[in-house]
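Please look through the sequence and the model shown here before reading on. The paragraphs after it are meant to be followed with the structure open on screen.

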Amino acid sequence: MAELLQTESRRCLYFFLYDGSKVKGEGDATREGICYFYPEETPLDRQELLCGQLAGVSRCVSELSFSPVRVLRLRRNKFAICMKDDFLWALGCSADVPTVSICQLLDQLIDLFCFYNGSVRQSYQLHSSEALAARWARYLSYLQSGSSQLHHVFSCVRTIDSTNVDPLLLLKAALILQACQRCPLVSAGCILFRGRVVSTQMFPELTMKVMVHESETYTKALRPGAPTTSSPFGGTVSSTTVFLTPAELQYLRSAPVDRDFSSHPAPHRGTPTRTRLSRTLSDMPSSESDRSDPGSFSPHLSDSSVFSPGPSQAAADPPQFSNGKQEADEEEAALDESHYLSFTNGDGSALEERLNGDGDAAGGTTFEQPHVDNEEADRGGAPPLPLPPPPPPHSDPDDTPLIPMTLYLHRVKGLVLALLAEPHFLSNSAAMEEVYHSSLASLNGLEAHLRTVSPGVPGPPGPYMFAHFDCVQSTMTTNLSGGAGGAAERPFVRATSLLHSHFCNTETLQEAIIRSAAAAVYGTRSPAQETFFQQSGSLRNSGIPNHQDSAFTLPGKARHRLLKHGVNLL
């Protein structure tokens, strides 16, 4: 079987979904249990050979060891395995890809399918195999495209380049989400620009799932003769049904709430209630801004109670919408009253690269904390910002019932407002009208400003290379160019991949240095971040490691040089 597995440049060499319930007896053909196989052009007899042998080995080992198989290693490839009831998923990559990255990619692919289709078993009962095969192919293609090899290793969220964006625009995006979140039917949202995150209230895994549908709708809109929607909002608004696990939904609803308001009786009609605070990417504690006038956070929302309409209001005529172009200046005025935390990630202009490509894209991920000084916080002058609650752990969607929700998308050219709302949000015309009008003018203004921002141009290669991964937000800061210097950067990427794999497999490992005859890479990690650093130029290699080996000077150089990139290793 090893002979039929040929090394390719694709990140994923093979992927298949096998239904063992259709192959019970010796006379049953293996092809009857193959629900989907990638690459689709693989001859059917080879599909049967690979699926039959991997499925048989996985079942045998699981029964003998009383534990599910997670990874199977062959001569040139290795497969991440996921088993649930009669279903078996297998994703194969080359042997040099970190095991943790392969398993993470398989989990993302399964979760992505369940997010848009619900239970796998029920999906194959309601839809044809051909239709679901097209969806598997679309999800797999999205997860493999649009990022560098380094971003694939860490499964980073694709974000805009903050180095060229005015921080007030990031604040404006956060305020738009806060305004929409005033609707009790809206759980959380995010704003995307040309396929990259501007601001989000969701945890990274959920944000990446939403970005898949945004990318699909944008591609369809660009096709000539694309059909228009019949929504009263026009072609700029669309929606689809998605499915969340109870843990994911609980996480979205766990934002801090002003307890004083929750303990009081319901206010009179016409007085808006601040049901929850917005989280740009981090749950922030209640502050003085939370107890201020709620209207200061949502200048576009009226003081009416359209978000809680009575029976007569729900039966009103369908709303009419206009294309407003003016912006609201009140959002900038709220800068001094709002506490927020937003993130962005610079990626340059060239990010597409296969697994063994020639380089990675440059960019930088920064946290913007306008009200907290890091040095003062270290001296005790200001309290440190709390980390957000951990995202829900990965679990098999079939273990728990999936809860249907509505994904609402409002597109303004390259800018998209995506909201996760209750299923009956679409039938509440008053709530939809208020959300639409409260965000329309601001979205137009934000899109006009972001459109003028030029993408960052990768600079010349510096005296060092580094990569900083934020484990909480799933964002990457790096100075890799991904251009002509890709060949020189490839050893750093491979060393980083190896160190990342060791960090994931050894919880007590905090620092490590990996070196060859020509290069040395230093890696350090904490529960919140991983950082990797390599000094360019020749090394003093003494053969046997001793105090004269220049590799042991990398920790000090990394702490000193990375401070200007906002990375504090002290």
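The model is predicted, so local features need pLDDT of at least 70 and side-chain atom pairs count only at pLDDT 80 or more, whereas totals for chains, interfaces and linings use all residues. Residues are numbered from 1 along each chain as its sequence is written, and side-chain values use heavy atoms, with hydrogens and water left out.

P39 belongs to the loop between β2 (34-38) and α1 (44-65); here helices (H or I, at least four residues) and strands (E, at least two) are DSSP runs, numbered from the N terminus. In the loop between α1 and β3 (71-73), F66 has a positive phi of about 60° although it is not a glycine. R194, located in the loop between β6 (186-193) and β7 (196-200), is likewise a residue other than glycine with a positive phi, near 55°. F66 counts as exposed because its relative accessibility is 77%, and R194 is exposed with a relative accessible area of 53%, where buried means under 20% relative accessible area, exposed over 50%, and partly exposed in between (1.4 Å probe, protein chains only).

Turning to the rings, a search of the whole structure finds 16 aromatic pairs. Rings of Phe, Tyr and Trp (its six-membered ring) pair if their centres lie within 6.5 Å, and planes under 30 degrees apart count as stacked, over 60 as edge-to-face and the rest as tilted. One of these pairs is formed by F154 and F532, which is tilted, with 5.8 Å from centre to centre and 50° between the planes. This pair links distant parts of the chain, since F154 is in helix α5 (residues 149-154) and F532 is in strand β17 (residues 529-535), 378 residues apart. F154 counts as buried at 3% relative accessibility, as does F532 at 0%. F532 also pairs with F503: their ring centres are 6.1 Å apart and their planes are at 35°, so this pair is tilted. F503 lies in helix α14, 29 residues from F532, and is buried with a relative accessible area of 1%.

Helix α14 (residues 486-505) also contains E489, which is buried because its relative accessible area is 6%.

Elsewhere, ring pairs link F15, Y36, F113, F115, Y116, W136 and Y139 into a cluster.
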